[in-house]
Amino acid sequence: MELSSILEFLENRSILVTGATGFLAKIFIEKILRVQPNVKKLYVLLRASDTKSAMLRFNNEVMSKALFRVLKEKHGANLNSFVSEKVRVIPGDITFENLGVKDAGLLEEMWKQVDVVVNLAANTNFDERYDVLLGINTLGAKHVLDFSKKCDKLKVLVHVSTAYVSGEKEGLILETPYKMGETLNGTSGLDVESEKKLIDEILKQLKAENCSEDIIKSTMKDLGIQRARKFGWPNTYVFTKAMGEMLLGQLKENIPLVIIRPTIVTSTYKEPFPGWAEGVRTIDSLAVGYGKGKITCFLGNPKTIIDAIPADMVVNAMIVSMVAHANQPQETIYHIGSSVSNPLEFASIQDYGQRYFSKHPWINKEGRPVIVGKVKVLNSMESFRRYLEIHYLLPLKGLQIVNTACCQYFQGFYLEQCRKIKFVLRLVELYGPYLFFKGYFDDMNTEKLRRAAKESGVETDIFYFDPKIINWEDYFMNTHIPGVVKYVLK
């Protein structure tokens, strides 16, 4: 594998980016505009009814973010004219044919001009409605592929998935594709078309019975979990992402296809500056809950490897892979993570969180610092339930009786305790499978890509993505946790 200059490859290219308001998409857009101002055009697709509302969303949800401050400093008063020249904001929706783009002239222009398609559109909610997730994560991927096939100059399609399409596999998980109909537990009968029909039939039935929106929503959520678990996946999100990969592999024909599977994506390591975060994701929910004093016990094995990777490294890997596989008509999969190259234990994250919040306590609504202590970690679901029953549920029942007897005098305290328990149970339900995760994500393909970049003498200082350079203690204590706290408090 030989690589030419990445900056030269990007020069005068037209790139279509879907899901433009997402976390990684923003970092990708900022990176391209900052390092290669001679890019020809970024077509950025986001969900909106028309161009005016699309522009409004782009300005409010993308360009207004602190992430773009370095770019703003670089261009000063000329920023708006630079962005309007380089970026074309497009209202659309990947759940529809032709990505929901209604302007026929614009479609023709894109099919003639686009060199690279980067699909970052996804819904990452673990327990979203099945119909919603299948529409975006599975069928949306097919629509992006169909669109890519119509692009006359297409060099490569980069599709961003997740490493956790592996479900709860143990041991070394390889960078290999999932074939259509393949399941994690050997159950046969998985077919995307059948899943779509099942959803349509149930929705039709619910509407015929005049069910409320709430009932339809909860039925669709339950259906997703049920179908995912039937075939061996822990939640609807990773199940629909896996089916999206299957469709791409089956239908790609001679399209050069790169599937990027990041692990747990964290705040930026270095660029455009350290610690930019948006949204409270997975391990951040635990850190914030702990800092606020909501978590005093939790579930998990202290020795479990938590596979984290900073967002800018994911974006850099995407860009390098794009150059490496241009005009190569095969499918290549990259795990972008750290569990093999630079493993991070759950116990270490806990330690960093405790030290950080002891030194920089969270200030509560009353303006008082929250004093944190050591979290009791329970290493099985059974011990967790027992602990919760003795320390929380029984006292809560007692408090409920006292509260009733005292004419709701303790109502505020009672509701606060209920909220804390509900919060912890929700986190355990969503992230439980990953707290005992026994898999390691092989990154042999990614290592080959890193070596090829290094040996080819391309701009590895700009497009770094080697997790071995990360000092986890320094990163969590001085970059990641402060970045997440800053996001939550803003």
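**Pockets and cavities**

Author: This is a predicted model. Its largest pocket has a lining of 45 residues, and Ala122, Asn123, Thr124, Tyr237 and Arg281 lie nearest the centre.

Reader: How much space lies in the largest pocket?
Author: About 1200 Å³.

Reader: Which helices and strands each supply at least two residues of that lining?
Author: Three helices do: H2 (23–35), H10 (236–251) and H15 (411–435). Strands E2 (41–47) and E8 (264–266) do too.

Reader: Which gives the most?
Author: H15, with four residues.

Reader: And how do the pocket's lining residues divide into nonpolar, polar and charged?
Author: There are 24 nonpolar residues, 13 polar and eight charged.

Reader: Switching to cavities. How many of 30 Å³ or more does the structure hold?
Author: Four. The largest cavity has about 140 Å³ of space.

Reader: Which residues lie nearest the centre of the largest cavity?
Author: Ile264, Ile283, Ile306, Tyr434 and Leu435. They belong to a lining of 14 residues.

Reader: Which elements give two or more residues there?
Author: Helix H11 (282–291), H15 and strand E13 (439–441). H15 also supplies at least two residues to the lining of the largest pocket.

Reader: What classes make up the cavity lining?
Author: It has 11 nonpolar residues, two polar and one charged.

Technical notes
Residues are numbered from 1 along each chain as its sequence is written. This is a predicted model: local features need pLDDT of at least 70, side-chain atom pairs count only at pLDDT 80 or more; totals for chains, interfaces and linings use all residues. Side-chain values use heavy atoms; hydrogens and water are left out. On a 1 Å grid over the protein atoms alone, a cavity is a set of points where a 1.4 Å probe fits but cannot get out, and a pocket is an open set with protein on both sides within 12 Å along at least five of seven lines; lining residues have an atom within 4 Å of a point. Grid points are joined across faces, edges and corners, and a volume is the space filled by probe spheres set on the points. Ala, Val, Leu, Ile, Met, Phe, Trp, Tyr, Cys and Pro count as nonpolar, Asp, Glu, Lys and Arg as charged, and the others, Gly among them, as polar.
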